[in-house]
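Work through the exercises below with the sequence and the model open. Each task is followed by a solution in steps.

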Amino acid sequence: KNKLMIQIKKYAAIDIGSNAMRLLITNIIEQKGKEVQFNKSALIRVPIRLGQDAFTVGEISEENIDRMIDAMKAFKLLMKVYKVEKYMACATSAMREAYNGKEVTEIIKKKADIKIEIIDGKKEAAIIASSDLHQFIKTNENYLYVDVGGGSTEFSLFSNGKMVISKSFKNGTVRLLNNMVNEVVWQEIEKWIKTHTEGLGNVIMIGSGGNINKTFKLSGKMQDKPLTYKYLKTQYDYFNSLTYEQRIAELGLNTDRADVIIPALTIYLRAMKWSGANHIYVPKIGLSDGIVKAMYFERI
């Protein structure tokens, strides 16, 4: 007989972003007298760039609606095969801003039987920040947590182990690629970061999002070691010196990663500069992890 008496729950999160969609399937391990464990069972990423439609034309195109329906049907089947007992699907920036966003969620509900909730930036920042950060966050340090997406970037400030303030800005990689970020937005971000990190002394950055994860992976560093500002700047210059094709062929980047990685690193580098952070930790977490934890702890 199993003395450990563990219980395993299977939860899934669907993150419908501006550059891609993800399905995260998680095993939640409950053991008496021990802290709950969240173990990634599978992560499937589908490169559908909704932001391209939403930020330029203002609506999700027919083609992308069809691709989304297929992706959601596939996610639905995968969840069934994995025996997922509970899931939540959240859509962010692109779906928030597309004027047919609501209509698209209704089509998906009808065609793929997946219920999508369009969440605002504030809720997105809160969910991301509720990801498990305690192994990274020491109570005596100050952290600026930055999650760069295709349509928006969420900033959360932690001090004394607690979240002090967080804000979402309409600045993301797909927007930057399409020259849709006004200088004013950059100024607002700079002002926000400087105002809230001023007088804190040393600030450490935590980065999340596909681009910083990829950059970190390419560095070959151990998960608990940070990257320095200097390293990130060197990498940025290196990526920038390569053509889009070279980034795909020589670095092995996905076609929908090779272009957005440049604007993404711009956001991290500026945030580091403005907060005076010299190091950035990359814990490989994001919205989908946050959704699973928030569902489990019944915060959603």
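Contact means heavy atoms within 4.5 Å. Axes are lines fitted to C-alpha atoms, for helices over the stretch in contact, and angles run from 0 to 180 degrees between N-to-C directions. Helices (H or I, at least four residues) and strands (E, at least two) are DSSP runs, numbered from the N terminus.

This is a predicted model, in which local features need pLDDT of at least 70 and side-chain atom pairs count only at pLDDT 80 or more, while totals for chains, interfaces and linings use all residues. Residues are numbered from 1 along each chain as its sequence is written, and side-chain values use heavy atoms, with hydrogens and water left out.

**Exercise 1. Describe the five-stranded sheet and find the helix that lies across E1, E2, E3 and E4.**

Step 1. Two strands pair if DSSP finds at least two bridges between them. The strand order is E3-E2-E1-E4-E5, in an open sheet with mixed pairing.

Step 2. The edges are E3 and strand E5 (116–118); each has a single partner strand, so one side of each is left without a neighbour in the sheet. From one strand to the next, the twist averages 25°.

Step 3. E1 and E4 run parallel and are joined by six bridges. To locate this pairing, find alanine 13, which stands opposite methionine 88 in E4.

Step 4. The helix is H12, which runs at about 130° to E1.

**Exercise 2. Is H12 mostly covered or mostly uncovered, and what covers its buried residues?**

Step 1. Apply the cut-offs: buried means under 20% relative accessible area, exposed over 50%, partly exposed in between (1.4 Å probe, protein chains only).

Step 2. Nine of the ten residues of H12 are buried, so the helix is mostly covered by this definition. Among them are Leu287, Ile291, Lys293 and Tyr296.

Step 3. The cover includes strand E1 (6–16), strand E2 (21–31), strand E3 (37–46), E4 and H5.

Step 4. Just after H12, glutamate 298 takes a positive phi of about 55°.

**Exercise 3. Characterise the packing of H5 and H12.**

Step 1. Two packed helices are described by the angle between their axes and the distance between the axes.

Step 2. For H5 and helix H12 (residues 287–296), the angle is about 80° and the axes are 7 Å apart.

Step 3. Angles of 65 to 115 degrees count as roughly perpendicular, under 35 as roughly parallel, over 145 as roughly antiparallel and the rest as oblique. H5 and H12 are therefore roughly perpendicular to each other.

Step 4. On the H5 side the contact has Glu124, Ile127 and Ile128, which meet Leu287, Gly290 and Ile291 of H12. These residues divide into four nonpolar, one polar and one charged. In this scheme Ala, Val, Leu, Ile, Met, Phe, Trp, Tyr, Cys and Pro count as nonpolar, Asp, Glu, Lys and Arg as charged, and the others, Gly among them, as polar.

**Exercise 4. What is the strand order of the six-stranded sheet, and where does E9 sit in it?**

Step 1. The order is E8-E7-E6-E9-E11-E10, with mixed pairing in an open sheet. Strand E8 (162–169) and strand E10 (227–228) are at the edges, each with a single partner strand, so one side of each is left without a neighbour in the sheet.

Step 2. E9 stands between E6 and E11 in this order. E6 and E9 run parallel, joined by six bridges, and E9 also pairs in the parallel sense with strand E11 (residues 279–281), over two bridges.

Step 3. Six of the six residues of E9 are buried. Val203, Met205 and Gly207 point one way, and Ile204, Ile206 and Ser208 the other way.

**Exercise 5. Which residues have the most contacts inside the largest nonpolar core?**

Step 1. A nonpolar core is a set of buried Ala, Val, Leu, Ile, Met, Phe, Trp, Tyr and Cys residues joined through side-chain atoms within 4.5 Å.

Step 2. The largest core has 38 residues, and those with the most contacts inside it are Leu144, Phe155, Met205, Leu232, Tyr268 and Ile280. H11 gives the largest share, ten residues.

Step 3. Methionine 205 stands opposite isoleucine 280 in E11. Not counting residues up to four places away in sequence, methionine 205 touches residues including Leu144, Tyr268 and Ile280.
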